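Good morning, and thank you for coming. Please look at the structure that I am about to show.

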Amino acid sequence: MNGVQGLLAASVISIQNSCFTYPACQNCFSRLILDSRRFNCLKCGCTGEAKDASYRYRLSLKIADTNDLFDITVFGSCLDPFFGVTAENLQRYIQDFNQLSGEINTESSTKALVQAVETCFIGKRFIFGL
């Protein structure tokens, strides 16, 4: 999209996903395919080592204005101020926490993060650029 087409003041009704970061291609921002050693972008063909993959925010929301409900997805660094860190750093913190805690099942850390995001966003009003 080449800039904002319009603005919408709306309240967040719910969070639609529990995974807020994704491995992103640095060239085209598409989701990377990761295996244990390498990454590959199916859109532009970019490849590299999995440890060098960068991450980007992706937050899917259900929002409502005074008349309608909308499903929207917010991408990228505009979410940095809400999370307090870049998506790449958040991903590293989560991985480090899971390794240090020795948790094989990452469900508890995911639940805690989802609860924090819900507290931050649900019921709050924002202006969205569309």
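I shall go from the whole protein to one of its sheets.

Please keep in mind that this is a predicted model. The protein contains 3 helices and 8 strands. In what order do they follow one another along the sequence? The pattern reads β-β-β-β-β-β-β-α-α-α-β.

Next, the overall dimensions. Taken along the principal axes, the C-alpha atoms fill a box of roughly 50 × 35 × 20 Å. Of the 130 residues in the protein, 34% are buried. The accessible surface comes to about 8400 Å², and carbon and sulfur atoms hold 52% of that surface. As for charge, there are 12 positive and 12 negative side chains, and the centres of these two sets lie 3 Å apart.

How much of the contact count comes from residues 24 or more positions apart? Among contacts with a separation of 6 or more, such residues account for 59%.

I turn now to the sheet. Strands of a sheet pair through backbone hydrogen bonds, either parallel or antiparallel. Here, an open sheet of 3 strands runs in the order β3-β4-β5, and its pairing is antiparallel. Which strands stand at the edges? They are β3, residues 32–34, and β5, residues 47–49. Each has a single partner strand, so one side of each lacks a neighbour in the sheet. From one strand to the next, the twist averages 25 degrees.

Finally, consider one pair in detail. Strand β4 covers residues 38–41, and β3 pairs with β4 over 3 bridges in the antiparallel sense.

Definitions and conventions: Residues are numbered from 1 along each chain as its sequence is written. This is a predicted model: local features need pLDDT of at least 70, side-chain atom pairs count only at pLDDT 80 or more; totals for chains, interfaces and linings use all residues. Side-chain values use heavy atoms; hydrogens and water are left out. Helices (H or I, at least four residues) and strands (E, at least two) are DSSP runs, numbered from the N terminus. Buried means under 20% relative accessible area, exposed over 50%, partly exposed in between (1.4 Å probe, protein chains only). Contact means heavy atoms within 4.5 Å. Accessible areas come from the Shrake-Rupley method with a 1.4 Å probe; for residues, only the protein chains shown count as cover. Lys and Arg count as positive and Asp and Glu as negative; His and the chain ends are not counted. The place of a charge is taken as NZ of Lys, CZ of Arg, CG of Asp or CD of Glu. Two strands pair if DSSP finds at least two bridges between them. Axes are lines fitted to C-alpha atoms, for helices over the stretch in contact, and angles run from 0 to 180 degrees between N-to-C directions.
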